[in-house]
Amino acid sequence: MLKGCLYLARRWWQRKRLLKQPFLDLPIVVIDLELTGLDAKQNEIVSAAWVKMEAGRIQLASSAHLINAEVNDLAQSPIYHGICADDMQKGVPTKQLASALAEVMHNAIVVFHHSYLDMAFIRVLFHQYQYVGQPVLILDTMQIERKRLLSQGFELGQDSLTLDACRTRYGLPQYTGHHALTDAVATAELLLAQCHKIGQLNELKFQRLV
Amino acid sequence: MSCEIQDIVQFVGALPPFNQLPASASEYFTNHLEIIYLSTENQHDWLQSNKPQLYLVRSGHFDLVNGKGELITRLASGDYFGYPSLLTGDAIQNRLSVQSAGIVYVLSQVDFDYLRREYKAFEQYFVRAHANRLLSSHYKQTSDSWTERRIAELMTRTAVTLEPEASIRDAAKAMSEARVSSIMITQSDKLIGVITDRDLRNRVLAAEVSPEESVLSVMTHKPKYIFENNRVFSALHLMLKHNIHHLPVLDEDRKPLGMITSTDLLRQQKSDPVQLIGRLYKAESVVLLKRLAAEIPDLLKSFSNNIDDISLMGKLLSGLSDALTSRLIQLFQEEFGNAPCDFAWICFGSQAREEQTLHSDQDNGLVLPNTITPEQRDYFARMGQYVCDHLHDCGIVHCPGNIMASNPECRGSAAQWQHRFAKWITEPTPGAMLNCKIYFDIRFIDGCRELYSEMMTGLAKISRNDLFYAAMATDINANTVPIGLFNQFKLEKTRTSNRYLDLKKRGVVIINDIARLYALRAGIARSNTLERLEALSKHSLISKKDLFDLKDCWRFLTQLRLRTQINQEGLPGNCINPEDLSSLEKHQLKEAFYLVKQAQQACAFKFARGSL
Amino acid sequence: MDVQGYTFLIVGLSFALYIGIAIWARAGSTNEFYVAGGGVPPVANGMATAADWMSAASFISMAGIISFAGYDGGVYLMGWTGGYVLLALCLAPYLRKFGKFTVPDFIGDRYYSQLARIVAILCAIFICFTYIAGQMRGVGVVFSRFLEVDVETGVYIGMVIVFFYAVLGGMKGITYTQVAQYCVLVFAYLVPAIFISMMMTGHLFPQTGFGATLADGSNVYLMDKLDGLSTELGFSQYTEGSKSMIDVFAITAALMVGTAGLPHVIVRFFTVPKVKDTRISAAWTLVFIAIVYTTAPAVAAFARVNMIDTINGKDGSGTLYEEAPAWVKNWERTGLIQFTDKNGDGRMNYTAGKFSDPASTNEVEIDRDIMVLANPEIADLPAWVIALVAAGGIAAALSTTAGLLLVISTSVSHDLLKRTLKPDISDKQELLAARLAAMIAIAISAYFGINPPGFVASVVAFAFGLAASSFFPAIIMGIFSKTMNKEGAIAGMVSGITFTAAYIIYFKFVSPELNTPDNWLFGISPEGIGTIGMIVNFVVAALVLKVTKETPTEVQEMVESIRSPKGSGAAHAH
């Protein structure tokens, strides 16, 4: 009990300190998952991809893309992510995917577009295999965008916060298809564009992004 | 652990040199990229000498500027930069100026060198690109467009003037004392003539006129002039068009303020669309003219980024069209002999309003003397055909409504034109009103100005008809502003695209129409909407506040129209999706539409006794 | 469904129709088909003009007047029809060529005088007022009957509806709405007339039924029966006028001239783009007006016979009040029929004589404005016919009122305020002033609609007299005499007005007891004196012209050019 409290207090302290750090100073991992559906309890992760970013540079050399070879039911999802049963043969076991994710996420600053959905799946996954992959900070480009739009007095329409819609707003190129890695890169680019729009990039602190 | 990203591989693979290289080259390139977002915030962090890298633009627009601040090239999607120092190892001279922020791919020296070694074609490509850049005449352009500035800002000298009673000797003395090359002759503060160095040389010394004679005998009567608030661009245009070097500058009350000379302007000038106008006026053949005309779109695009007053774009394009037309008329006369009688070449519609865009078609006509013979008409038929066809080839396309000098209907004598106008005025059918909207915006382009003035005087007389104004006002009200009963936007929709607002048809056009109606009623012989509204402030037809509001709305809507050029949703031209606006802009837009609606209603009320 | 239910339904439907057409027309006026077709066809424009022309006064009151006054009532019929012809032939084509949108603008420019223009504007406003007052009463009568309230409340309701329709709705100027209004109006007028004509004379057309024998087997001509009834009850003979020939002539002329200057109708001649179409549509308008106007005398006669028959009974002994038909009770509630049992026999007795005079044998007072509306009820026609008449009356009132209100509001806010008093007001203020002016105009006319109708009649006479003696001669001389100058025109107008006004004020307000044919000048009543005023005007103008300086040559040239026979533009003329 006491240990739990201490853990939480330490985490809170860590986070508080972290938020004061400049954005360009710390490495960031941008993650994207492809899923068979939207329900973390029933649906599964099809693939996961991530790319690292340092000092505002997205390093494609550090990118990774793992396909889950053990998906039970792809259902209708291939029309979105384009991964079919054949591709799954090139994949890795779920356990390996979970361990790789845990490794890259643990004590890292991670970024998603719509973190609630992706994190829900990841928590289920980690719980299943008892891995620990606790990020120090989770950023969400969708939330950043929502905050920005609302503060400028825009009314949010349906679909105005999808990854494509957000990128269009910043004049970023359109990427085709929903490949996990493409989306991870796309999210990273979006994050950079957002940071530039928020301003004072060289002094920008993490606290402006949450 | 790395893995290529299909989108980037495809993008890179389609570009030279990778489109000539095996797929593995673009995959290697992609896998070793870093992606950055280049904006005004961090433009100085890149292109550093201590760490040369290859850059590839994925999105956004960037200007590459040399040490002197001159533009070397404009970079857009697919363009590389940073390679010279990678190749040569020299320090980097150039810097970046971000026009619109975007994604840039960065490749380190190590990886660049690897690709150089592995693929010969890769190395060749960049070596050649480097050489080309060195060789190409540098596209220099100052970023602040000086032609946009007002005459008053360039003109420093005080007016050197003389009374008309003065002798030529007095004039020469005054000029040498003030160390100027020209002098204005004024009578009770009104400009009546100009004498220049050249006049003293050509009209006095060479003609052996006595220096005791009055200046009246040698001065240029009714000289061209310009107002202090006009743009430098207009001054240049006038000078180039009439081949004059001195232009008196007057204030709004036509009181002389000073002189602006071609040297003053050339001192400012480096390279500009204005130079193109000059070259157009001097082009020696149709082929050359067409080659020059082909430069217009690119030139304008580069120019448009540096302009803050949008109304200038239309003026500039109209100026270019005027120059093309004038030159073509001259070339025709050189080829087929001089015109057998006076004529006036006029233009209508957007060119006359100086609101032309790159997509505008030609609307023009010829005014001929009333005494014209059938043989003479044949000559002008050929001229009309010649000029219109060549204008078409120069990028100003034929008018789908056939409002062109190649059409016999648009090639009438002053009396015939008047008759045409009279028919529309006395029988204002909806079709006639459509014509009036184009034909009542008239501007003289070339030929005999008296002929044009004669037609305009006649036109002013017959258009003084309340019933005609009423029909115009009713017609204006047939076009509704896209605001609903409860102050919400009324969006239009096509089969293929999203819901949108047509800013031109439902905003700018209505203001143009309103300005035209008031100008006709007040007898203002101008065609530009803002100038018409400006001139209306001297009449009591419409209050100053309303005029101010209308001008404001016009500017706001036109400014917003510019945005539509970068819209990515595939809407029709000049249209905007209001969801893309901030709530402040939405509010302003509604306010603007509301004001337009009110002006529309007031028109119906004042001129047509229309509905409340 | 009862009458009230039908009324709500039909009036509601007609409003839905107008609004629907307005929306459709707004959307349609910009499309290519409309542009290519050259706008509204002349027939439609003719109908719209007819709707503008035929007011609630034409629809409701005219047959009523004829019904009660017999032959004398015919002057209105002739005067109003003549007024239209005068307007269509003598005024509109020339004003159109002159390029002026309103009569005051024409006068102001023709006589190169701001003062003349302002006087003309004030005249126009005044004439419009008197007209609207008549309309308000008409609407009030309709609403009071069908909502079963008194006339006063009816006028208030009408006021609100007219305000929303004309001022806030922006319906005016949409030709097709007026076409629909004409259709409703003419249908509503003809259906009951045809029904009754069939019932009483067996003739399909009321116009022929009017001169036919009755179908009740007695083989008596309708007119003879009416003459008989009238004399029997102490009225003068229906087909004999009580007015002298010269008086009838003068009143007709004054009415003609007065109505010819009606501003809202003139505008209709200008909104048709082609001159040829204007002529065709003017002819159509005359046809459409004639359809209603020729029916009016028949409706009047039928209604009168039926009314006397039902009130006094077939045998003339009077109907028992308890057994009186429903329409008597219904109209009694509105206060437009009153009954006092003076001799206590429980029977109604309708004769000549004043109702208010206790010595008179007349026990029933019937407001003549109810004749057209009550007609179908008296003849026991189905409920929907009665409702239709209500919709027709409202259509007639709305179409005319909207136009007149517009004239008043533009005159006040644009001609007077913007162009004369305060040139620097903004568009917003101008539009606001216009709406206020319209609102005030409605309120004032509603007041006149509620208060003494006798007074309104005098005012109408006054207005016509004024217009006839001032306005009209100035226009005619402006068009047909190129030498007439400012001084002549103003002197003529002033003397014409003074003469007419003095005559009317003397007989109507100062000493009304002397208002009998014996005391009148040349035997002309105050209603008709405008004609003499007009002659005075012409004479004085001609005299003053002789002694003052000439009209500027450019004005003379202008007049010359508008009277040139061919073409309407300058280009042909030279």
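## Terms and basis of the model

A residue is called buried when its relative accessible area is under 20%, exposed when that area is over 50%, and partly exposed in between, with a 1.4 Å probe and protein chains only. The structure is a predicted model, in which local features need pLDDT of at least 70 and side-chain atom pairs count only at pLDDT 80 or more, whereas totals for chains, interfaces and linings use all residues. Residues are numbered from 1 along each chain as its sequence is written, chains are lettered from A and ligands numbered from 1 in the order in which they are written, and side-chain values use heavy atoms, with hydrogens and water left out.

## Chain A in outline

Chain A contains eight helices and five strands; helices (H or I, at least four residues) and strands (E, at least two) are DSSP runs, numbered from the N terminus. Starting at the N terminus, the order of its elements is α-β-β-β-α-α-α-β-α-β-α-α-α. Chain A has 210 residues, of which 52% are classed as buried.

## Salt bridges in chain B

Over all chains, the structure holds 25 salt bridges, a salt bridge being a side-chain nitrogen of Lys or Arg within 4 Å of a carboxyl oxygen of Asp or Glu. One of them pairs R169(B) with E212(B), where the closest N and O atoms are 2.4 Å apart. This pair links distant parts of the chain, 43 residues apart: R169(B) belongs to helix α7 (residues 168-178), and E212(B) to the loop between α8 (197-205) and β11. R169(B) counts as partly exposed because its relative accessibility is 37%.

Another salt bridge joins the side chains of K290(B) and D393(B), at 3.2 Å from N to O. Here too distant parts of the chain are linked, with K290(B) in helix α12 (residues 286-294) and D393(B) in helix α16 (residues 374-393), 103 residues apart. K290(B) has 25% relative accessibility and therefore counts as partly exposed. D393(B) is likewise partly exposed, because its relative accessible area is 45%.

D441(B) is located in the loop between α18 (430-439) and β18 (442-447) of chain B. With a relative accessibility of 0%, D441(B) counts as buried. Its side chain meets that of R353(B) in a salt bridge of 2.6 Å, N to O. Through shared partners, salt bridges join R353(B), E355(B), K437(B), D441(B), D475(B), D513(B), R516(B) and R532(B) into one network.

The side chains of D441(B) and R532(B) are also joined by a polar contact of 2.7 Å. A polar contact is a pair of N or O atoms within 3.5 Å; within protein, one must be able to donate a hydrogen and the other to accept it, and residues adjacent in sequence count only if both atoms are side-chain atoms.

## Backbone features of chain B

The peptide bond leading from P16(B) to P17(B) is cis, with omega near 0°. P17(B) is placed in the loop between α1 (6-13) and α2 (23-31).

Although not a glycine, D189(B) has a positive phi of about 65°. This residue sits in the loop between β9 (182-187) and β10, and D189(B) counts as partly exposed because its relative accessibility is 43%. K222(B), also not a glycine, has a positive phi of about 40°. K222(B) is in the loop between β11 (220-221) and β12 (226-227), and its 76% relative accessibility is why K222(B) counts as exposed.

In helix α9 (residues 232-242), the buried residues are V232(B), F233(B), S234(B), A235(B), L236(B), H237(B) and M239(B). After α9(B) comes N243(B), with a positive phi near 55°.

## Surface patches

K190(B), R254(B), R526(B) and K538(B) form a positive surface patch. Patches are made of residues with over 30% relative accessible area and no salt bridge; like charges are joined within 9 Å, and nonpolar side chains (Val, Leu, Ile, Met, Phe, Trp, Tyr) within 5 Å. Lys and Arg count as positive and Asp and Glu as negative, while His and the chain ends are not counted; the place of a charge is taken as NZ of Lys, CZ of Arg, CG of Asp or CD of Glu. K190(B) lies in strand β10 (residues 190-196), and with 42% relative accessibility K190(B) counts as partly exposed.

In chain C, a nonpolar surface patch of about 430 Å² is made by L432(C), L436(C), M439(C), I440(C) and I444(C); accessible areas come from the Shrake-Rupley method with a 1.4 Å probe, and for residues only the protein chains shown count as cover. L436(C) is part of helix α18 (residues 427-450). L436(C) counts as partly exposed because its relative accessibility is 42%.
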